[in-house]
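Hello,

Here is the structure for you to look through.

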Amino acid sequence: MISDLDKYRTEVSSFKETSSDKIESFRIKYLGKKGILNDLFTKFKSVPDKEKREFGRSLNVLKDMVLKKVELLKSQNFQVEKIKISEDLSRTAYPIHSGSRHPISIVTAKIIDIFSQIGFNISEGPEIEDDWHNFTALNLEENHPARDMQDTFFIQSSPDILLRTHTSSVQVRYMEKNIPPIRTISPGRVYRNEAISSRSHCIFHQVEGLYIDDQVSFSSLKQIILYFTKALFGKSKIRFRPSYFPFTEPSAEVDIFWGLESETDYRITKGTGWLEIMGCGMVDPNVLSNCNIDPEKFSGYAFGIGIERIAMLKYGITDIRSFYESDFRWIQHYGFNPLDLNSTSGL
Ligand code: DAH
């Protein structure tokens, strides 16, 4: 019987298989219910007393050897499998959940791109603004009725501190610090104390444009707007409607001919085919003087574009509130995945 144990010990120590199947059969062969060790433990009972001690010890040694061997081979097998997996280049990649850019960011970037190509730089200003930059310098004196056009969130009174109601405040700041020629666009967030509906929201985004030089005329303005609508929408039928803004004289609103090809076109253009896309005009001489620019020497134009409006047109989005709901599925649908280089949805 002792010689049987010797035979098993040699077998165990020379066992070297690393495949999980073979390790498992080896384990069952020795440690299973009907395995060698159980059989030997049963036989132990019939071993003569004087041999019991030595036999028992050898049996325990064998059991220990088997347990250690199985453990060792299993861990070796785990390493081998791991290497195999990492070397398998045909394995499908784990899905990468990347974020998407928001349509507002996409449209803003596109507008910046269009104007940078013709020499406009980008300027920014604070969202918490004082009365001077948001209103007074822009020809909106205290009690000016046009202040009511933009219901305001006030943060503090005397002096008045407020959330800017438009990005026109940035043109004031820019003119105060720079001398003509000035060619700048200012994208940013603006705030108005208005009832939220499918077409208006308290927070939205604008891009302000400003060009000041010694010979800027209304025809330069028309040309630049035409360039912009062609570049952004691929449409060049536009019209200028006389309008009023305190900071420009003359002032106009620009409509783009969107067409009446579908039912949606009818709905969004209220059956006219035309859509308003921005306000603009020649900078009022009072505004220039307020910003230390001599209106006798310089003239300029300004324009203000609502980014949500443009994005709604570009993507056919009907409810402005959906921009701010942070619905991941919505952003995935309209947004542009920055990792997807073939995507065309990024405009
Ligand atoms: N600030 C105007 C608004 O928020 C938009 C605007 C109109 C800006 C005409 C301009 C402009 O610079 O010339 O409604």
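Below are the ligand site and then one histidine.

This is a predicted model, where local features need pLDDT of at least 70, side-chain atom pairs count only at pLDDT 80 or more, and totals for chains, interfaces and linings use all residues. Residues are numbered from 1 along each chain as its sequence is written, and side-chain values use heavy atoms, with hydrogens and water left out.

The ligand

Helices here are DSSP runs of H or I with at least four residues, and strands are runs of E with at least two, numbered from the N terminus.

Now the polar contacts (pairs of N or O atoms within 3.5 Å; within protein, one must be able to donate a hydrogen and the other to accept it, and residues adjacent in sequence count only if both atoms are side-chain atoms). A polar side-chain atom of E208 is 2.5 Å from a ligand oxygen. The side chain of S168 has an N or O atom 3.0 Å from a ligand nitrogen. A polar backbone atom of A302 lies 3.1 Å from a ligand oxygen.

The histidine

H133 lies in helix α6 (residues 131-134). Is H133 buried or exposed? H133 is buried, at 8% relative accessible area; buried means under 20%, exposed over 50%, partly exposed in between (1.4 Å probe, protein chains only). Its side chain makes polar contacts with the side chains of D130 (2.7 Å) and E176 (2.8 Å).

Best wishes
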